[in-house]
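This report looks at one protein chain.

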Amino acid sequence: MRLLLVEDDRLLADGLSGQLEKAGFSVDTTRTAREAMALGQQEDYRVGILDLGLPDGNGLDVLRQWRMNGANFPVLILTARGDWQDKVNGLKAGADDYLAKPFQTEELIARLNAIVRRSEGRVQSSVKAGRFELDENRQTLKMDDGAEHSLTGTEFRLLRCLMSRPGQVFSKEQLMEQLYNLNESPSDNVIEAYIRRLRKLVGASTIATRRGQGYLFDDTL
Ligand code: CA
């Protein structure tokens, strides 16, 4: 799941992106309002973290610009402690949640998962599709017979992408976009390799191939 982190404090951004990657996000980081505006409109992000005080502008203007141009992914803004006006203005400008600095990364990740869930119309912290249930907190896959398998980071991200929209066809390019950030350049057949591994887990027919189009999660049998 692609995440855009807009934060000009390099130390904070570096620490955060590592922990966010561990939590199953593929993270792009930028420190300027200008680049944030462009990336938010160009790339297919599922969630964003936006610091309000940026060296070349205000995060609120970035947010307004995104919303004006149809970038609808959920956004959490980072505010200064006690600055209630920032929070109100942020929510009015289209933010979905806020967190005051300094914060615990665990709380940030819990809040991010919550706004992503809401944007996908889910209530629970698991993704259910057919006989399968993906546990976001533990990064495991539960089967209907009660068996539970732990997943590697990439397996988890790929499966979450497919299971969050069962029946929808994802091209290899779309899956790569959700799995890797802009700095990574994995080889073309990496998706195929992971699909093969996941099929061993969920059954070959559950992840169907549409020739020339891509893959879909189909557990309607
Ligand atoms: Ca700042």
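## Terms and model

A residue is called buried under 20% relative accessible area, exposed over 50%, and partly exposed in between, using a 1.4 Å probe and protein chains only. Gly-53 is partly exposed, with a relative accessible area of 46%. Asp-51 is buried, at 6% relative accessibility.

The model is predicted: local features need pLDDT of at least 70 and side-chain atom pairs count only at pLDDT 80 or more, while totals for chains, interfaces and linings use all residues. Residues are numbered from 1 along each chain as its sequence is written, and side-chain values use heavy atoms, with hydrogens and water left out.

## The calcium site

Asp-51 and Gly-53 also take part in a metal site. Together with Asp-8 they coordinate the calcium ion at 2.2 to 2.4 Å, through OD of Asp-8, OD of Asp-51 and O of Gly-53. Donors are N, O and S atoms within 2.8 Å of the metal (3.2 Å for Na, K and Ca); water is not among the atoms, so sites may look incomplete. The spacing of the donor residues in sequence is D-x42-D-x1-G.

## The largest pocket

On a 1 Å grid over the protein atoms alone, a cavity is a set of points where a 1.4 Å probe fits but cannot get out, and a pocket is an open set with protein on both sides within 12 Å along at least five of seven lines; lining residues have an atom within 4 Å of a point. Grid points are joined across faces, edges and corners, and a volume is the space filled by probe spheres set on the points.

The largest pocket holds about 200 Å³ of space. Its lining includes Lys-22, Glu-106, Asn-137 and Arg-160. Domain 1 (2-119) and domain 2 (126-217) both contribute lining residues, so the pocket lies between them; the domain bounds come from an automatic or database domain assignment.

## The largest cavity

There is one cavity of 30 Å³ or more. The largest cavity has a volume of about 60 Å³. Among the residues that line this cavity are Met-1, Arg-46, Glu-120 and Gln-178. Arg-160 is one of the lining residues of the cavity, and Arg-160 also lines the largest pocket.

## The whole chain

Of the 221 residues in the chain, 48% are buried. The C-alpha trace spans about 50 × 35 × 30 Å along its principal axes.
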